[in-house]
Amino acid sequence: MGTAYGGAVTDSSPTHDTLALVVAAGSGARAGGGLPKQYRMLGDATVLHHAAAAMLAHPRVGAVHVVVAPGEERRARYALGTIAATISAGANTRQESVFRGLQYLADNYSHHPFVLVHDAARPLVPMEMVGRVLDALADHKGACPALPVADSLRRGTTTISGEVSREQLWRAQTPQGFHFADLLAAHRQAALAHAGDTATDDAEIMRAAGHTVALTQGDERAMKITVAADFEAVARWLQPAPRTDACVSGQGFDVHRFGTGDHLWLCGVRIPHTHGLIGHSDADVGLHALTDALLGAVGKGDIGQHFPPSDPQWRGAGSERFLAHAASLVSEAGGRVLHCDVTLICEAPKIGPYRDAMRSRISEILQDHAPVVNIKATTTEGLGFCGRREGIAAQAMTTIRIAL
């Protein structure tokens, strides 16, 4: 049934129980542009490319076949770009084009119980909408996505002659889904009786053959391009939702016990002391808490996931490397560190003489972000392990600005 463009046809896996037929044989004159609308650009791809890609996006669809006007096969192949679809020529009416497409599928593919018939003029089809159509085929021979008519309806020519009730009125969309064998038989019957010349879609072909067709929830995004202004309307759906800046926060907490030594590291500053802090790295409790706060703000776990204490490469490592890594993850997420607040909890050493040096060191590590840095210190009034001078704890809070 015509020449196939787009490579060899292969059997689909058992999970692919559906074929998709995209009807692209119309002239689309009302859309303007001097070119059939299915071949015009919409964003960075043609309308036809978008429509075929929407069908292939659903996991139950094993293959796509496109029916085009006679002589348009090569143009369609170019318009499809990288889409792996076969192509054949249609006819003068929509019903004849779909019938020829169904015959092509029957002749060239192994058994698939279901088929989707989709208009190329509907380039955007949400995958969940396709899913609703296919799910309805469990109980019906056909399914048609539709939207209820919302506007008031009037009858008339130049003046109003009456009102039309909106009750039970729907705007039909595609893709429409069917049991393949039943749709093919219905089209064969319509072709013999020339009954398909006035049918506007395949749901009517199936109804004429005596089958019931279910209504499923449609989607405004699956609008049909009919006139030139519709291109702008559809293009707006293609634009990603604008991202808005938001401030998010993260918190961190860390503890290290005292051990032997004559100095310790706090917030990147070496401080002489009667004891050192025990840890796999340099045990900088302040930078560890701040690193965890940054990781928490961007949802990147904790310091142990990135720098496992079981990994020998981090033995004795300077904690500024950990903080710099967390800051780079903030940058990669499109964020900026605005504020850092670190509280050191200990009886000794005294933090005041080193506060400015700590702020400067953290600012230096986070220089690409230029945050406000605050260092505080407190005691536990002699209570707990910090009060007994067994170790040091630190809490940190950070605020980042990020586009969500």
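Reply: Ser97 has a relative accessible area of 2% in this predicted model, so Ser97 counts as buried, the cut-off being under 20%. The residue belongs to helix α3, which covers residues 94-108. A polar atom of the Ser97 side chain lies 2.9 Å from the backbone nitrogen of Ala91. Ala91 is also listed among the contacts of Ser97 when neighbours within four places in sequence are left aside; the others are Ala25, Val67 and Gly90.

Elsewhere in the chain, helix α10 (residues 320-332) meets helix α11 (residues 355-365), their axes coming within 9 Å and crossing at roughly 50°. That angle makes α10 oblique to α11. On the α10 side the contact is made by Glu320, Leu323 and Ala324, and on the α11 side by Arg361, Ile362 and Ile365. By class, this contact has four nonpolar and two charged residues, with no polar ones.

Next comes the sheet. Five strands form an open sheet with mixed pairing, in the order β16-β13-β19-β17-β18. Its edge strands, each pairing on one side only, are β16 (276-277) and β18 (372-378). Strands β17 (residues 336-345) and β19 (residues 391-403) run antiparallel and are joined by nine bridges. Val342 has Ala396 of β19 as its bridge partner. Helix α11 packs on this sheet, where α11 touches β17 and β18, and the direction of α11 makes about 140° with that of β18.

Methods. Residues numbered from 1 in each chain as written. Predicted model: local features only at pLDDT ≥ 70, side-chain atom pairs only at ≥ 80, totals over all residues. Heavy atoms only, no water. Helix = DSSP H or I, 4+ residues; strand = E, 2+ residues; numbered from the N terminus. Buried < 20%, exposed > 50% of the residue type's maximum accessible area, 1.4 Å probe, protein only. Polar contact = N/O pair within 3.5 Å; in protein donor to acceptor, adjacent residues only side chain to side chain. Contact = heavy atoms within 4.5 Å. Axes fitted to C-alpha atoms, helices over the stretch in contact; angles between N-to-C directions. Parallel < 35°, antiparallel > 145°, perpendicular 65-115°, else oblique. Nonpolar A, V, L, I, M, F, W, Y, C, P; charged D, E, K, R; others polar. Pairing = 2+ DSSP bridges.
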